[in-house]
Amino acid sequence: SCEGLSPIQVSSNEEIAKEAEQETGNESVICTNRLVMRQSKSPICSTSDKSNQVLFAGGLSGSDKRPQDHSSDYFLGAASSDLASISVGADSSRYQRGPNVPLLVTRFALGGILQAEDSVIDILSRSEKLDLGLIGSDAKEVQQQKLSKIDNSSSVETADVTQVVDESKPSGSTDGQEATASIEKKPDLNYIKTSTELRASICLTLLQRGYPLSGSGDKFSSVDTDLWEDCMSNPALSFLTSRASNHFFSMKDAFGCLYQTAGIDWPEKLEPLEDYLRSVLLPHCLGLCLKLAGEQTKLAADQGKSDVYVARPAAEDLCPLPDPFVRLSDHSEQAVSNAYTILRRVRLMKSIRFIVGGGVPLSELMNFLRGPTMRMQTMGVPVWWCPWIHDLAILIHAAVHGLQSVTSELPRLQQKCVEDHVRETFVTGVNGKSPALPGNVLRQASEEELNAWVKIQAQEFPTPAVIEHRLALMCSQLTMNRNERYDHIPMFDEAMS
């Protein structure tokens, strides 16, 4: 089903082609990313014009900056003047650390390290320095050099493993031949590398819908049987099971329609897509969070400028999405924000699947939802919100349909059930309990007025930001001391939304 995918599909390929033709090289790639981003209408994705405003006025030191729109307190620049001098001054080479280890540690750098999975950190730590020798290159040169690096590393890896296999297995060993053949058959990423529009759409899908179930890294592929049966028997949650299976939001659910629209055969391209996400895009997102502040500060210092935001190009000339085939310094602050969002939602979605897939016992899950932690979280939710009903619903719905669907589809799907819940809770009473509305209100209001009030209340729904904060809180509490732990740290990217 392609339901809910329209915000991320490019509605006018001719428009993108026309505008891209007016640019060349790196500018064309940035232009395409910007156009795809502009056509996204999802409220859960940072696309507002405010993200292009200058956030600060000040020097190379972040401590000198003051936010102009009250949306953030620190983004680029060093934490102090002394650290700025160490990072970009004449003696900066003396303080250089390992590849991809920043001297300027911003909140996005810290958040990216905490949210990125170990495999992403490992890939980045073993990779060469990002954008090495690419300053001044155009987009085609960037793509070609990165492609050569990938191909060369693949050849070296194949040779090394082949040697190990040859030494450990007798000549003519079937297992050795199969291992070598498996390694030599690397996924073909060319169709992704050569299509800026496809890369931008893939990036937006991750931003809006979260990271889907993949072939590795997930212990569960569907909602726990006991939890699913419990929803089926609960009138307030039965809508979750009436139209959908209990299988989790998958790669095909996320990208199938996108590939179909682009005329790309899905079954053959699944492995290259997963390889691109794990080995290229996510490490690039972490690299952006770690390194852009240092790159911008160094560029400003090299130009003799005292302010990062004066030295760097205008925001509309920078790439708003993390794109591995755009120079690091040609990404905007919004790209860093979106990169951090992607890293965070990768871990968030995996934690959600772990919780509703059975990693957390049903009794523990329900006790938590009925406990004081969630009962006290009343900010931004309707008066009828019941954690063990509605927080459970957003957990399951996000796992089965993705994050975006929680705000775009769930309110409509649960409308009838919420109306019944509001009427029972506030008007008629339920299970021997008196209605929550005062008696004089119930006596004075007509049935028509009460029905209208019930409908108005049932149409209330939390904002995407509130939904994500509640999901993050539940995941952080329920995965504590587990390998699938989600760390609920501030969502710094909200300053850009």
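**Exercise 1.** Work out which residues of α4 meet which residues of α15, and how the contact of α4 with α15 divides by class.

*Solution.* Begin with the residues themselves: F108, G111, G112, L114 and Q115 in α4 meet V336, S337, Y340, L343, R344 and R347 in α15, where contact means heavy atoms within 4.5 Å. Next, sort them by class, which gives 5 nonpolar, 4 polar and 2 charged residues; here Ala, Val, Leu, Ile, Met, Phe, Trp, Tyr, Cys and Pro count as nonpolar, Asp, Glu, Lys and Arg as charged, and the others, Gly among them, as polar. The model is predicted, so local features need pLDDT of at least 70 and side-chain atom pairs count only at pLDDT 80 or more, while totals for chains, interfaces and linings use all residues. Residues are numbered from 1 along each chain as its sequence is written, and side-chain values use heavy atoms, with hydrogens and water left out.

**Exercise 2.** Describe how α4 and helix α15 pack, giving the angle and the distance between their axes.

*Solution.* Helix α15 covers residues 333–359, and α4 packs with α15 at an angle of about 25 degrees, with their axes 9 Å apart. Such an angle makes α4 roughly parallel to α15, since angles under 35 degrees count as roughly parallel, over 145 as roughly antiparallel, 65 to 115 as roughly perpendicular and the rest as oblique. Finally, α4 passes α15 in a left-handed crossing.

**Exercise 3.** Where does N431 lie, and is N431 buried or exposed?

*Solution.* N431 lies in the loop between α21 (415–428) and α22 (439–444). Although N431 is not a glycine, it has a positive phi of about 55 degrees. Its relative accessible area is 75%, so N431 is exposed (buried means under 20% relative accessible area, exposed over 50%, partly exposed in between, with a 1.4 Å probe and protein chains only).

**Exercise 4.** Where does N481 lie, and what is its phi?

*Solution.* N481 lies in the segment after α24 (464–478). Its phi is near 65 degrees, a positive value in a residue other than glycine. At 76% relative accessibility, N481 counts as exposed.

Note on methods:
Axes are lines fitted to C-alpha atoms, for helices over the stretch in contact, and angles run from 0 to 180 degrees between N-to-C directions. Helices (H or I, at least four residues) and strands (E, at least two) are DSSP runs, numbered from the N terminus. A crossing is left-handed if the near helix is turned anticlockwise from the far one by less than a right angle, and right-handed if clockwise.
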